[in-house]
Amino acid sequence: MAENIDIKIILLGETGTGKTNLIITYYGEKFDINSKSTLDSKTNFKKLTINNRQCVINMWDTAGQEQYRSITKTFINGTDIVILVYDITRRDTFLELNYWFDTATLQLGENDVFGVAGNKSDLFIDAKVTPEKGELFAEQKGCFFSLTSAKKDPKSFEVLVEKLLEKYLKNKNIIKNSEKIIISEIKKKKKKFC
Ligand code: GDP
Ligand code: MG
C-alpha cells in the first residue's frame, strides 16, 4: 500500500471574502453567519483518495492577519496548493488578488498549483465582478477558476479543490518520472565508461 501524501493548502484573499467559511464547510461543519471563528491549522485534516493515492489534506486559514498584510513565512512555507479568494460583490477584493498572487509566488515560485474562487455566488444579483473577469484573471495566471458559495453550495468549493489536487498529483508524477529518466540516463552513461 502506497504511503499517504500530505498536502498543505492555503487560502489567501481579503478579509470578509469567506475563506473561513469555505474551510469550515469543506470539513463538513455548518456555515457560520457571524463567522468570528478562525480555524486551527493543526486540526484541519481530511483524508481523500485521488487518482488511487491516499491524500491527507491540511487546509490553513489566516487568523485575520491578512487585514494587516502580515502573512508569516510559516504560513506560506511548504504550501502545495494556493487558493485565492475574492467576493464577487466587492470589486476591491478582486483587484487585490494581484497582491495575493504576488505574495504567494514570491515565496513559493510559480510552480505551485493555484486556484481562484469567486465566492458568494449566491449573491449573484449583487455581483460587481463578472465571472468572465474572474476567469480571465485565472487564465492569465495559469490558475483554475470556480465560482463558489460557502453558504449555498459548498460542493462547488470541493470540486475546485479536487481539480487542484488532481493537477498537483499529476505534476508530482511528472517530476518523479522525469527524475527516474534522468537517473536511468546517468546509469547508462556510467555503464558505457566502465
Ligand atoms: P474571511 O474573513 O475571508 O475568513 O471571511 P468569513 O468566512 O469570515 O466570511 C465573512 C462574511 O461573509 C461572514 O458574514 C460570512 O457569513 C459571509 N460569507 C462567507 N461565505 C459566504 C457565501 O458564500 N455567501 C454569502 N452570502 N455570505 C458568505
Ligand atoms: Mg477568516
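The model is predicted, so local features require pLDDT of at least 70 and side-chain atom pairs count only at pLDDT 80 or more, while totals for chains, interfaces and linings use all residues. Residues are numbered from 1 along each chain as its sequence is written, chains are lettered from A and ligands numbered from 1 in the order in which they are written, and side-chain values use heavy atoms, with hydrogens and water left out.

The mean pLDDT (the predictor's confidence in each residue, from 0 to 100) of the protein chain is 86, with 81% of its residues at 70 or more. Six helices and six strands make up the secondary structure; these are DSSP runs numbered from the N terminus, helices being H or I with at least four residues and strands E with at least two. Along the sequence the elements follow the pattern β-α-β-β-α-β-α-α-β-α-β-α. Confidence is highest in strand E6 (residues 144-147), at a mean of 98, and lowest in helix H6 (residues 154-193), at 77. Where pLDDT is low, the predicted coordinates should not be read in detail.

Of the 194 residues in the protein chain, 43% are buried (under 20% relative accessible area; exposed means over 50% and partly exposed in between, with a 1.4 Å probe and protein chains only). The chain exposes about 11,200 Å², of which carbon and sulfur atoms supply 53%; accessible areas come from the Shrake-Rupley method with a 1.4 Å probe, and for residues only the protein chains shown count as cover. Among contacts (heavy atoms within 4.5 Å) with a separation of 6 or more, 73% are accounted for by residues 24 or more positions apart.

The largest nonpolar core contains 25 residues, and those with the most contacts inside it are Ile9, Leu11, Met59, Ile81, Ile83 and Phe157. Such a core is a set of buried Ala, Val, Leu, Ile, Met, Phe, Trp, Tyr and Cys residues joined through side-chain atoms within 4.5 Å. At least two residues of this core come from each of strand E1 (5-13), H1, E3, E4, E5 and H6, and H6 supplies the largest share, seven residues. Beyond residues up to four places away in sequence, Ile81 touches Ile7, Lys8, Ile9, Ile10, Asp112, Val113, Leu164, Leu165 and Tyr168. A second, separate core of 23 residues includes Trp60, Ala104, Phe114 and Phe137. In soluble globular proteins, nonpolar side chains tend to be buried together.

In helix H5 (residues 131-141), the buried residues are Pro131, Gly134, Phe137 and Ala138. These residues lie on the same side of H5, because they cover an arc of only 125 degrees around the axis; the arc is that of the directions from the helix axis to the C-beta atoms. The buried residues of H5 pack against E4, H3, H4, E5 and E6. Glu132, Glu139 and Gln140 are exposed on the face turned away from the buried side. After H5 comes Gly142, with a positive phi near 70 degrees.

Six salt bridges are counted under the criterion of a side-chain nitrogen of Lys or Arg within 4 Å of a carboxyl oxygen of Asp or Glu. One of them joins the side chains of Lys19 and Glu66, at 3.0 Å from N to O. Lys19 belongs to helix H1 (residues 19-26), while Glu66 is in the loop between strand E3 (53-60) and helix H2 (73-76), 47 residues apart. Both residues of the Lys19 and Glu66 pair are buried.

Arg69 and Glu96 form another salt bridge, with the closest N and O atoms 2.9 Å apart. Arg69 lies in the loop between E3 and H2 and Glu96 in the loop between helix H3 (91-95) and helix H4 (97-108), so this pair ties together parts 27 residues apart in sequence. Arg69 is partly exposed at a relative accessible area of 32%, as is Glu96 at 29%.

A salt bridge of 3.2 Å, N to O, also connects Asp87 and Lys120. Asp87 is in strand E4 (residues 81-87) and Lys120 in the loop between strand E5 (113-119) and helix H5, 33 residues apart. Asp87 is buried at 2% relative accessible area, whereas Lys120 is partly exposed at 23%. Leaving out residues up to four places away in sequence, Asp87 touches Gly16, Thr17, Thr93, Asn119 and Lys120.
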